[in-house]
Amino acid sequence: MMNQDHILRASQDDEMESLVLHDDGDGGINSSGNLQQQQPKSPESPFNSFLDPPSYAEAIFTSFDSNGHDQTLEQSTRPGSESECMQILVSDPQEEQELTNSLVPGGSLYHTYLITTRTDKSEFGVRRRFREVVTLSERLSEAYRGYVIPVRPEKSSVERKVMQKGEFVEQRRVALEKYLRKLGSHPVIGKSEELRLFLEGQGKLQLVRSTDVASRMLDGAVKLPRQLFGSESVAVDLNDVAQPAKSGRDLLRIFKELKQSVTNDWSAAKPLVVEEDKEFMEKKDKLMEFEQQLSNVSQQAESLVKYQQDMGETMGELGLAFVKLTKFETEEAEFESQRARAADMKNVATAAVKASRLYRELNTQTIKHLDKLHEYLGTMLAINNAFSDRSSALLTVQTLSSDLASLHSRIEKLEVASSRIFGGDKSRMRKIEELKEAVKVTENAKICADREYERIKENNRSELERIEQERQSDFQSMLRGFVVNQAGYAEKMAAVWEKLAEETATYSRDSS
């Protein structure tokens, strides 16, 4: 994963600061041995010259990074969006103690984060802990099935144990800020009541959290015996039919859908309801291929970042070695030729140090732009989650269709058996009436399931269109930023070495 951990360490600079050198150039090492920050020149207008093209080295510090790319990272709405411009910041982590009713003194510690939301009209802040972020994520997943909802940061206890506390907290802060900004930029989620309550509601989060899995499974276990032995209707509850069976409130439904999924996978018979949207299936296959290609490019981008990091470190170490050699030559010099040689080595040291700094700056920019590749890997995971919502809804429709077919078959068999008895079989007739009632309830449930399935399909369709448009814009911005910075820093590095070549031009004259 490309992040700030890849940015080069500047430990060599600290060692250089104690050395005494002098540089008359526009940056490098001054008389105190300190590394000078090269000040960017004021960009000249490209219209001042009809011969030379504008310099990329100036573009990377002016029109693009300062006024374009960085600002888009802070905004939670995209250009052209009808949503109100919203900026979300996560800051000021504070450690707090869990309040419990336990008689044992003390309790577990956790961190809260100040979440500040700024809009065109107002600014407000709330304190939230990670558990509340999990609650928000669960509610959004339930309420907006079929949408490509950004994936929340993982709650990793392993990383917390192996990382320094401050490092872990800062990493989580950055991840939460990025996650909330993505939620805010979503055209539907960004306007949701759930997100508004999370960002604006003071005190404890007022969102009703889903009942935990253990409680849901316990409810289902209590109902299951009554369902199996016929003391409770086997039909799906209309209020729950639109929700996934994995909620666990109806174990019988879970078993039925599991059986239906196995039948779909292993049976040669075609299910009563199948995915017939060929265009969607083609898009799904292409997205799977795109994800593989994206993963490959992301890995190569990681390699580039590592290479630039190694080059920067190596240049820094080379510069430091020449600095020490220069110091030695200067202190031990007895002849003018030694002093001249020391001056030449000082120039090489200065150029190497400048190149090292430029590689560090370039790597920072590379990480900033190519990290978009890694972000889209997360988007692909969110897309797969949206597709899972669709598959789950289709499975519910298939299961209910299978239930209806089974109920009709049982009714038909009972009617045939009852017709063979003079005057009819009253017990069978009662059972037939019960089954017909179950058919009505199940048909209503299937209508609800069909509507939910169609709704999720439409959400999938609109989300894929949105993401395709955003991908075009994001990748154009990413490529432009990457190319401009590579070209710009190449110009700056070339200028450093060209200056050194001019300073050592006497070597070629002396050798001729």
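Predicted model: local features only at pLDDT ≥ 70, side-chain atom pairs only at ≥ 80, totals over all residues.
Colleague: Let's start with the overall picture. How many helices and strands are there in the protein?

Modeller: The protein has 13 helices and five strands. Of its 512 residues, 39% are buried. Take contacts with a separation of 6 or more: residues 24 or more positions apart account for 73% of them.

Colleague: Next, strands. How do strand β4 and strand β5 run?

Modeller: The general idea comes before the case. In a regular strand, side chains alternate between the two faces of the sheet. Here, strand β4 covers residues 109–119 and strand β5 covers residues 123–129. They run antiparallel, and seven bridges join them. The link between β4 and β5 is a hairpin of three residues. For a landmark, find Leu114: Arg127 in β5 stands opposite.

Colleague: Then a helix. What does helix α4 reach from its first C-alpha to its last?

Modeller: Helix α4, residues 130–143, reaches 20 Å. It has 14 residues, and at 1.5 Å a residue the expected value is also 20 Å.

Colleague: Which residues in α4 are buried, and what do they pack against?

Modeller: The buried ones are Phe130, Glu132, Val133, Val134, Thr135, Leu136, Ser137, Arg139 and Leu140. The buried residues of α4 pack against β4, β5, α6 and α7.

Colleague: Phe130 has a ring. What lies over the face of Phe130?

Modeller: Arg172 does, at 3.9 Å from the ring centre. There is another case to look at. The charged end of Arg128 sits over the ring of Phe198, 5.4 Å from its centre.

Colleague: Now ring against ring. How many aromatic pairs does the structure hold?

Modeller: Three. Read each by two values, the distance between centres and the angle between planes; planes over 60 degrees apart count as edge-to-face. Tyr144 and Tyr147 have ring centres 6.0 Å apart and planes at 65°, so this pair is edge-to-face. Both tyrosines, Tyr144 and Tyr147, are buried. Tyr376 and Phe475 have centres 5.2 Å apart and planes at 90°, so that pair is edge-to-face too.

Colleague: Where do Tyr376 and Phe475 lie?

Modeller: Tyr376 is in helix α11, residues 336–419, and Phe475 is in helix α12, residues 426–503. The pair therefore ties together parts that are 99 residues apart in sequence. Tyr376 and Phe475 are both buried.

Colleague: On to charges. How many salt bridges does a search of the whole structure find?

Modeller: It finds 30. The idea is simple. Side chains of opposite charge can pair when their charged atoms come close. Look at Asp371 and Lys178: their closest N and O atoms are 3.4 Å apart.

Colleague: Is Asp371 buried or exposed?

Modeller: Asp371 is buried, because its relative accessible area is 7% and the cut-off for buried is under 20%. Lys178, at 32%, counts as partly exposed.

Colleague: Which residues are linked in a network of salt bridges?

Modeller: Glu170, Arg173, Glu177 and Arg181.

Colleague: Last, a single residue. Where is the place of Asn460, and what is it in contact with?

Modeller: Asn460 belongs to helix α12. It counts as buried, at 2% relative accessibility. Set aside its neighbours within four places in sequence, and Asn460 is in contact with Gly146, Phe280, Ala386, Phe387 and Arg390. Compare sequence with space as well: Asn460 and Arg145 are 315 residues apart in sequence, yet 9.1 Å apart from C-alpha to C-alpha.

Note on methods
Residues numbered from 1 in each chain as written. Heavy atoms only, no water. Phe/Tyr/Trp six-rings, centres within 6.5 Å; stacked < 30°, edge-to-face > 60°. Buried < 20%, exposed > 50% of the residue type's maximum accessible area, 1.4 Å probe, protein only. Helix = DSSP H or I, 4+ residues; strand = E, 2+ residues; numbered from the N terminus. Lys NZ or Arg CZ within 6 Å of the ring centre and 35° of its normal. Salt bridge = Lys/Arg side-chain N within 4 Å of Asp/Glu carboxyl O. Pairing = 2+ DSSP bridges. Expected span 1.5 Å × (residues − 1). Contact = heavy atoms within 4.5 Å.
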